[in-house]
Amino acid sequence: MEMTYLKRNPTAKAILELVRSFNNNQIYYDHFAFRTFGVNGYGIDSLAKFFLDFGYTQREELRFPAKKLRALWFSPPTELPVDSNDGGGVNGPLPRVFISELLVDQMSPQAQEIIRKYAEMHGCGYKYAALASALGSLAWEKPLYSEFQQLARESEYAAWTLVNGYALNHLTISTHRLKSHLRSIRSLNQFIEENGFRLNSEGGLLKVSPDGLLLQSSTVADSVTFQFSHGVTETVPCSYIEFAERLVLPQYKTLPEEEVKEFHRRDGFEVGNADKIFESTSKDQLARRTA
């Protein structure tokens, strides 16, 4: 999944290489995120089964009523050496997994018709969700450009999923695991911008949870050329890269820094943060990228 993602997203590839060069070639991932259609078996469960089979544990649900979305996150197997110091990327500790789905039944009849058309085209496509993600392939036929446009007017999430399918929506660097000065997400944000990359400005560059312990930011998505059916070629949003700093929980504040482990830090996700991170693929943020 990681290699396919990096081939399709030059911004993520460049930033990972840049951060690695300042961090002794080591990167740890906080989480991987995916988008799905909540219809006919194509929703969260289609990808979750793959991770559950490998020992992941389902955790909390998050709801986004305005966007007509729900999400679940999954924690990695605890018996693995999640605090080893020899990892980089997927060779390091396993990341959390965040899977969201569009609540298709809440969409307009026209949008539902488009989504169901492709979800039903290959009835068992959802069984190969993980494979489709790894290969960067759609689990359905390429849509019409007019259908993409119609979905985008109602839900940019829906339009993104129609043309990207199960592709990795974003991966997230765990900033507090970095060894350089970039371990502070504020320093990393400044570093990213100084090197010419655009950050998602929705709700401010830094998204902060109400308890102040989960700090997140993200780039604006890359764009790719997509060939729709009937030979139409247009530019569509692809994926992006996120950054997360998890601060030490209040009850562990007195621990010496060298003794702090991941379980001493703020876990989970926050609806307010995630709602703004979703905007990394929005038309408004993409317009900032080209400004």
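The questions and answers below treat helix pairs, helix faces and single residues in turn.

Mentor: This is a predicted model, in which local features need pLDDT of at least 70, side-chain atom pairs count only at pLDDT 80 or more, and totals for chains, interfaces and linings use all residues. Residues are numbered from 1 along each chain as its sequence is written, and side-chain values use heavy atoms, with hydrogens and water left out.

Trainee: How is helix 4 oriented relative to helix 6?

Mentor: Two packed helices are described by the angle between their axes and the distance between the axes. Helices (H or I, at least four residues) and strands (E, at least two) are DSSP runs numbered from the N terminus, and axes are lines fitted to C-alpha atoms, for helices over the stretch in contact, with angles from 0 to 180 degrees between N-to-C directions. Helix 4 (residues 109-119) and helix 6 (residues 145-154) have axes 10 Å apart at an angle of about 130 degrees. Angles under 35 degrees count as roughly parallel, over 145 as roughly antiparallel, 65 to 115 as roughly perpendicular and the rest as oblique, so helix 4 is oblique to helix 6.

Trainee: Which residues of helix 6 make the contact with helix 4?

Mentor: Contact means heavy atoms within 4.5 Å. On helix 4, the contact is made by Q110, A111, I114, I115, K117 and Y118. From helix 6 come E147, Q150, L151 and E154.

Trainee: How is helix 6 oriented relative to helix 7?

Mentor: The axes of helix 6 and helix 7 (residues 156-164) come within 6 Å and cross at roughly 150 degrees. That angle makes helix 6 roughly antiparallel to helix 7.

Trainee: Which residues of helix 7 take part in that contact?

Mentor: Helix 6 contributes E147, F148, L151, A152 and E154. The residues of helix 7 are E156, A158, A159, L162 and V163.

Trainee: Within what arc do the buried residues of helix 4 fall?

Mentor: Buried means under 20% relative accessible area, exposed over 50% and partly exposed in between (1.4 Å probe, protein chains only). The buried residues of helix 4 are A111, Q112, I114, I115, Y118 and A119. They line one face of helix 4, because the arc, taken from the directions from the helix axis to the C-beta atoms, is 160 degrees.

Trainee: Which residues are exposed on the other side of helix 4, and what does its buried side pack against?

Mentor: The exposed residues on the other side of helix 4 are P109 and E113. The buried residues of helix 4 pack against strand 1 (29-37), strand 4 (96-102), helix 6 and helix 7.

Trainee: Which exposed residues lie on the face of helix 8 turned away from its buried side?

Mentor: Helix 8 (residues 185-194) has I185, L188, N189, F191 and I192 as its buried residues. They are on the same side of helix 8, because they cover an arc of only 165 degrees around the axis. The face turned away from that side carries R186 and E194.

Trainee: Is Y145 buried, partly exposed or exposed?

Mentor: Y145 lies in helix 6. Leaving out residues up to four places away in sequence, Y145 touches F228, V232 and E234. Its relative accessibility is 22%, so Y145 counts as partly exposed.

Trainee: Is L214 buried or exposed?

Mentor: L214 lies in strand 7. Beyond its neighbours within four places in sequence, its contacts include K207, E245 and F269. At 0% relative accessibility, L214 counts as buried.
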